[in-house]
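Please open the model in a viewer and keep the selection tool at hand. The stops below proceed from one selection to the next.

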There are 2 protein chains.
Amino acid sequence: MPGDGRFLKACRRQPVDTTPVWIMRQAGRYLPQYRATRSRAGDFLTLCKTPDLACEVTLQPVQILKVDAAILFSDILIPVEAMGADLVFTEGEGPKLSSVRTRQEAGRLHVPDPRLETGFVMDAVKLIRRELDPMVPLIGFSGAPFTLASYLVEGGGSKSFRHTLAWMYGDPEGFTALLDMLAETVIAYCSAQVEAGVQALQLFDTWAGVLSRRLYREFALPSTRKVVQALKHLGVPIILYVNGSAPFLEETAASGVDVLSVDWRLSLAESWERTRGAVALQGNLDPMVLYGGPAVIEREAGRVLAEAPLQGHIFNLGHGILPDTPVEAAQHLVEAVHRLGRKEI
Amino acid sequence: MPGDGRFLKACRRQPVDTTPVWIMRQAGRYLPQYRATRSRAGDFLTLCKTPDLACEVTLQPVQILKVDAAILFSDILIPVEAMGADLVFTEGEGPKLSSVRTRQEAGRLHVPDPRLETGFVMDAVKLIRRELDPMVPLIGFSGAPFTLASYLVEGGGSKSFRHTLAWMYGDPEGFTALLDMLAETVIAYCSAQVEAGVQALQLFDTWAGVLSRRLYREFALPSTRKVVQALKHLGVPIILYVNGSAPFLEETAASGVDVLSVDWRLSLAESWERTRGAVALQGNLDPMVLYGGPAVIEREAGRVLAEAPLQGHIFNLGHGILPDTPVEAAQHLVEAVHRLGRKEI
């Protein structure tokens, strides 16, 4: 049963033999095997929407890196497309969406039925669960409502998030209605993933770091909490990742999640202190350490482990692994964490 | 004397009649008058290097917005170019520099004599000081050593700062030597600006928010402190701006500056508490508020004022004003701050 492994134990702050580790974006472009599958798929969305290809890339890092968990390969914008937004990926430019900037435009979206409208995701989960070592847990994921809203409102990625913030300041009720619809979407989407076979869920609120503490409290936190409350009864651990959570770390912990995945800016010791040990912590090696060679990787991984709580730590990067990271660096990291993180129990 | 105005008083945490205000990038593309001067100059670097054009755009916002301080118009990379790095601006792409990624490459740079090698900046300061209302203080500026180093190492702007961080992790002594040379450069450059006639200095450590608290302490803070210590005797207030300073706000205050210019993520009340009232605060309206129309601007400016310390607050944005901001919004903001910030003394 995947329930017995060190990843799930650490999510529940139970004792483990050694620190579990996985890597955000571990199924990604830094792996030659990923690039080969991706090139067979043709384009990125086809890779996401073809269950056996999505399964293939999900499994690759488990075999190549020996990580303690697999994470479903998909794109954060898949449920948003299913809501009725047009989604296009152009090489080197990132995603483009039909933008939603008014209540009226939001009114044209719907809460999709995840089994019908994103059935390929659930098929991928089922297939991965069949193909994956039964001892290795599979993490499902979704964007958190605020981050999905920001993609929708900006019509893609953004540096300034100007349209999203203008809407939040100018029409808080309208923006909250959009967040509510996204929360419902995320709840249904994550529930279907659990039903299809994932053992944990990670919510990515990647862009919430653009918010002031006040706006996080007023918008992002209530919508995240709604999602977490609705998913709690499914019994799988829920992880929340926010890049740049230092201004409102206490609030992210108050969302009710089991695990906070934190970036590299604050030490795990300080994060643990600020969240009073109420959640497990995932992270938080600076991804740039992987360019430093074996000695730097050992030193910095050791430092993260030294600052981590004894129970309730899942090792990860503080942000996704970059496409030009050497594969050997990622392999070395996983090996080093398992070696250096060994507990005497 | 410009020393009598409310801006300088607030920098020294003395009582003022009403809250002083200026806007980061107030001399910028959102002003039609700036665009006209810029187009006469031809390219951006010519605008920076022609004292009467730099003077013209420096004065524009004082007249148009009625702000309480002017800030020298220049580019953060001017002293870096004078160190020996090739600098090119391409339309819509931002600056490109010849990158410096090794001790050997850094060894080819030199600490420039600011009067000889950036004489056009000092000429601009003298000219502005002659043309500007004597009651309006002029702020000089420089990048802080870490931010200048990151531009040099990346060869321009960056999203990941991967080469900078790889150098910091892999060869801390070599990177520190580069920071030392940059600190010397900044000290000489700022001293020359004071000699030429500025009444205050702002150090921009714009990119330091990418650093962990530990790396900020180890690299950015000591080099900033070195600069501040060397400039203290000049008797002008020193302001430090870091975008994303929440993880290490206490350390930015420990740099010895008189004023911290903070982004919008933490309230001024929380920033004041964390820095124990040891420094004046500048900021911190989210620039996106300026897209919200008059009622939103009034409400949010009022909120910033309500959270500000009674003495020792200079109103500003938490980041530079964006190029498509309506001029009337900026005008309204300045008027509203002066009206709502009135003190009973």
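Select strand β4 of chain B, residues 138-143. Both of its faces are covered: L138(B), G140(B) and S142(B) are buried on one side, and I139(B), F141(B) and G143(B) are buried on the other. Buried here denotes under 20% relative accessible area, exposed over 50%, and partly exposed the range in between, with a 1.4 Å probe and protein chains only. In a regular strand the side chains alternate between the two faces of the sheet. Because 6 of the 6 residues of β4(B) are buried, the strand is largely enclosed by the rest of the structure.

The model is predicted, and local features need pLDDT of at least 70, side-chain atom pairs count only at pLDDT 80 or more, while totals for chains, interfaces and linings use all residues. Residues are numbered from 1 along each chain as its sequence is written, chains are lettered from A and ligands numbered from 1 in the order in which they are written, and side-chain values use heavy atoms, with hydrogens and water left out.

Strands and helices are DSSP runs numbered from the N terminus (E, at least two residues, for strands; H or I, at least four, for helices), and two strands pair if DSSP finds at least two bridges between them. Within this pair, A70(B) stands opposite L138(B), and I71(B) stands opposite I139(B).

Next, select strand β5 of chain B, residues 200-204, which pairs with β4(B) in the parallel sense over 5 bridges. Which residue of β5(B) is the bridge partner of F141(B)? The partner is Q202(B).

Now widen the selection to the sheet of chain B. Its 7 strands form an open sheet with parallel pairing, in the order β1-β4-β5-β6-β7-β8-β9. β1 and β9 (313-317) of chain B stand at the edges with a single partner strand each, so one side of each is left without a neighbour in the sheet.

**The sheet of chain A**

Move to chain A, where an open sheet of 7 strands has the order β1-β4-β5-β6-β7-β8-β9, with parallel pairing. Its edges are β1 (70-71) and β9 (313-317) of chain A; each has a single partner strand, so one side of each lacks a neighbour in the sheet. Inspect β7 (residues 259-261) and β8 (residues 280-285) of chain A, which pair in the parallel sense over 3 bridges. S261(A) stands opposite Q282(A) in β8(A).

**V62(A) and its contacts**

Select V62(A) in helix α4 of chain A, residues 51-65. V62(A) counts as buried, at 13% relative accessibility. Leaving aside neighbours within four places in sequence, V62(A) is in contact (heavy atoms within 4.5 Å) with V67(A), A69(A), A70(A), L132(A) and V136(A). V62(A) and L132(A) are 70 residues apart in sequence, yet 8.7 Å apart in space, C-alpha to C-alpha.

**Cysteines**

How many disulfides does the structure hold over all chains? It holds 0 disulfides, a disulfide being a pair of cysteine sulfur atoms within 2.5 Å. For C11(A), the nearest cysteine sulfur is that of C190(A), 15 Å away. C11(A) is buried, with a relative accessible area of 3%. The sulfur of C48(A) is 14 Å from the closest cysteine sulfur, in C55(A), too far for a bond. C48(A) is also buried, at 2% relative accessibility.

**The two copies**

Display both chains. A rotation of 180° with 0.0 Å of shift along its axis superposes chain A on chain B, with an RMSD of 0.0 Å; the superposition is by least squares on the C-alpha atoms of residues with pLDDT of at least 70 in both. The two copies are therefore related as by a two-fold rotation axis. To find this axis, select A246(A), the residue of chain A that comes closest to it, at 3.1 Å (C-alpha). Of the interface residues of chain A, 100% are also interface residues in chain B, so the copies meet through the same surface.

**A loop glycine**

Finally, select G292(B), in the loop between β8 (280-285) and α15 (294-307) of chain B. G292(B) is partly exposed, with a relative accessible area of 26%. The C-alpha atoms of G292(B) and D68(B) are separated by 24 Å, and the two residues lie 224 apart along the chain.
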